Amino acid sequence: MELGTAILLSAVFLGMVALFIATKDRWNWKKLFLWPFTILLELSVIGVVGYLVLLYWEDLPRKELGLWGIRLGASFADVKFAKGEPSRELAADPSAVKRLIDVPGMGN
């Protein structure tokens, strides 16, 4: 903190003390101090509730409309256009088809 900042903050503090001394019997200082803290507390509660609702909302199941940028029900020509030629054909490699059918943990 620099000297100018310290002078400014001390002047603000001393001004608040002088204001309190001059008006303590005319103003409701308790209400003046509690009002901003109440608003801060309410905004905090609203923020926490909003965050919890967002977490709940993200975990809800959603209908899958596609995988890897391809919509479900797309024709082979559409997939070929979107992703390009396959690197290998499954029908040409019988072991690849067997690996797709015998997935461990799927009750086979």
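L8, V12, M16, L19, W27 and L32 form a nonpolar patch on the surface, with about 560 Å² of accessible area together. This is a predicted model, in which local features need pLDDT of at least 70, side-chain atom pairs count only at pLDDT 80 or more, and totals for chains, interfaces and linings use all residues. Residues are numbered from 1 along each chain as its sequence is written, and side-chain values use heavy atoms, with hydrogens and water left out.

**The chain as a whole**

- The chain has four helices and two strands. Helices (H or I, at least four residues) and strands (E, at least two) are DSSP runs, numbered from the N terminus.
- Read from the N terminus, the elements run α-α-β-β-α-α.
- Of the 108 residues of the chain, 4% count as buried. Buried means under 20% relative accessible area, exposed means over 50%, and partly exposed lies in between (1.4 Å probe, protein chains only).
- The accessible surface of the chain comes to about 10,200 Å². Carbon and sulfur atoms hold 70% of that surface. Accessible areas come from the Shrake-Rupley method with a 1.4 Å probe; for residues, only the protein chains shown count as cover.

**The nonpolar patch**

- Patches are made of residues with over 30% relative accessible area and no salt bridge. Like charges are joined within 9 Å, and nonpolar side chains (Val, Leu, Ile, Met, Phe, Trp, Tyr) within 5 Å.
- Helix α1 (residues 3–23) gives the most to the nonpolar patch, with four residues.
- M16 lies in helix α1. M16 counts as partly exposed because its relative accessibility is 41%.
- W27, also named in the patch, is partly exposed, with a relative accessible area of 41%.

- T23 sits in helix α1. T23 counts as buried because its relative accessibility is 8%.
- A polar atom of the T23 side chain lies 2.6 Å from the backbone oxygen of L19.
- The side chains of T23 and W29 are joined by a polar contact of 3.3 Å. A polar contact is a pair of N or O atoms within 3.5 Å; within protein, one must be able to donate a hydrogen and the other to accept it, and residues adjacent in sequence count only if both atoms are side-chain atoms.

**The aromatic cluster**

- The structure holds three aromatic pairs. Rings of Phe, Tyr and Trp (its six-membered ring) pair if their centres lie within 6.5 Å; planes under 30 degrees apart count as stacked, over 60 as edge-to-face and the rest as tilted.
- One of these pairs, F20 and W29, is edge-to-face, at 5.4 Å centre to centre with 70° between the planes.
- F20 is partly exposed, with a relative accessible area of 38%, whereas W29 is buried, at 10%.
- W27 and W29 form a tilted pair: 5.5 Å centre to centre, 40° between the planes.
- F20, W27, W29 and F33 form one aromatic cluster.

**The salt bridge**

- Side chains of opposite charge can pair when their charged atoms come close.
- A search of the whole structure finds one salt bridge. A salt bridge is a side-chain nitrogen of Lys or Arg within 4 Å of a carboxyl oxygen of Asp or Glu.
- The side chains of D25 and R26 make this bridge, at 3.9 Å from N to O. Both residues, D25 and R26, are exposed.

**Helix α3 and V79**

- Helix α3 is hardly covered: among its eight residues, the count of buried residues is zero.
- V79 lies in helix α3 (residues 76–83). V79 is partly exposed, with a relative accessible area of 28%.
- Leaving out residues up to four places away in sequence, V79 touches I70, A74 and G84. Contact means heavy atoms within 4.5 Å.
- V79 and G69 are ten residues apart in sequence and 9.5 Å apart in space, C-alpha to C-alpha.
- Just after α3, G84 takes a positive phi of about 90°.
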